[in-house]
Amino acid sequence: MADKRPYKLYSDSTADLSDELLAGMDVEIFKLTFEMNGKNYCDGDLPMESFYKKLREGAVSKTAQIAPSTYEEIFEKEIAAGYDILYLGFSSGLSGSYNSSCIARDNLLEKYPDAKIICIDSLCASTGEGLLLYKADEKKKSGMDIDELAKWLEATRLHLCHVFTVDDLKFLRRGGRVSATAAFAGTLLGIKPLLHVDNDGHLIPLGKVRGRKQSLNKLVDMMQERVGGWENPVVMICHGDTREDAEYVEKLVKERFGKQTDVKICYTGTVIGSHSGPGTLALFFMGEER
């Protein structure tokens, strides 16, 4: 029986993991792009502080999905080098990139019928996708083969909970991620919206509370409501240039779930941040249901 080919684990820059985290992981990243003030950038080209400063000053950032040809070019190089590919994609409910990867896969499998290219829709966004990728990397390093890991991802992805709040829904409304009605409801004086990512990978408003501090407290309450029997040795937080708020939520998580909880804080990247805006604060963890 022939030995199984080694495989590479791929994902997108929308996983919003810090450079420090990625440096310790054996993953490859496709970078999405955005346009701001007439200039084109790859995700991560602009320093985070500079990017969010521009957004606060009124700059508009428009994002683009990854083209099938980009996936095809990179995947083909890996196949030629003797690797199979497991790709974990940004939620199809928020981007067409995953569908582009499937087009590339189908084209390549016609040409290389013995290759294995598995594309999985994470149904996750931002560091939710990142936490799933982080766990997948651990599984791969522990010896899980490509088929086992693909099954694990499909069985686990809907237990990856995303709860978040934003300072202003206008960014999500502008990108068509939430309705104008929901956005208007969130602009009332002192009202802060609470949202999550549902089982179809869409952003859904869950409610609203009065005041920023209350919205941050509520995120941890929502985690407690969802965790159930799942263990969370690692929890992730991402923020839209609001580090103090991220550290406040980290403190709440450790108080509620134990000091030993490893809370990893990342920036909301430039592509996701184009839609969520400055002041976004999101909490990601494993739970019974989203």
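Buried here means under 20% relative accessible area, computed with a 1.4 Å probe on protein chains only, and a strand is a DSSP run of E with at least two residues, numbered from the N terminus, as helices are (H or I, at least four residues).

Residues are numbered from 1 along each chain as its sequence is written. Because the model is predicted, local features need pLDDT of at least 70 and side-chain atom pairs count only at pLDDT 80 or more, while totals for chains, interfaces and linings use all residues, and side-chain values use heavy atoms, without hydrogens and water.

Strand β3 pairs with strand β4 (residues 39–42) in the antiparallel sense over four bridges, where pairing requires that DSSP finds at least two bridges between two strands. Met36 has Lys39 of β4 as its bridge partner, and the two strands form a hairpin with two residues between them, where Asn37 in the turn has a positive phi of about 50 degrees. Strand β3 also pairs with strand β5 (residues 61–64), again antiparallel and over four bridges, and here the bridge partner of Phe34 is Thr63.

What kinds of residues make up the lining of the largest pocket? Eleven are nonpolar, four polar and six charged.

Conventions. Ala, Val, Leu, Ile, Met, Phe, Trp, Tyr, Cys and Pro count as nonpolar, Asp, Glu, Lys and Arg as charged, and the others, Gly among them, as polar.
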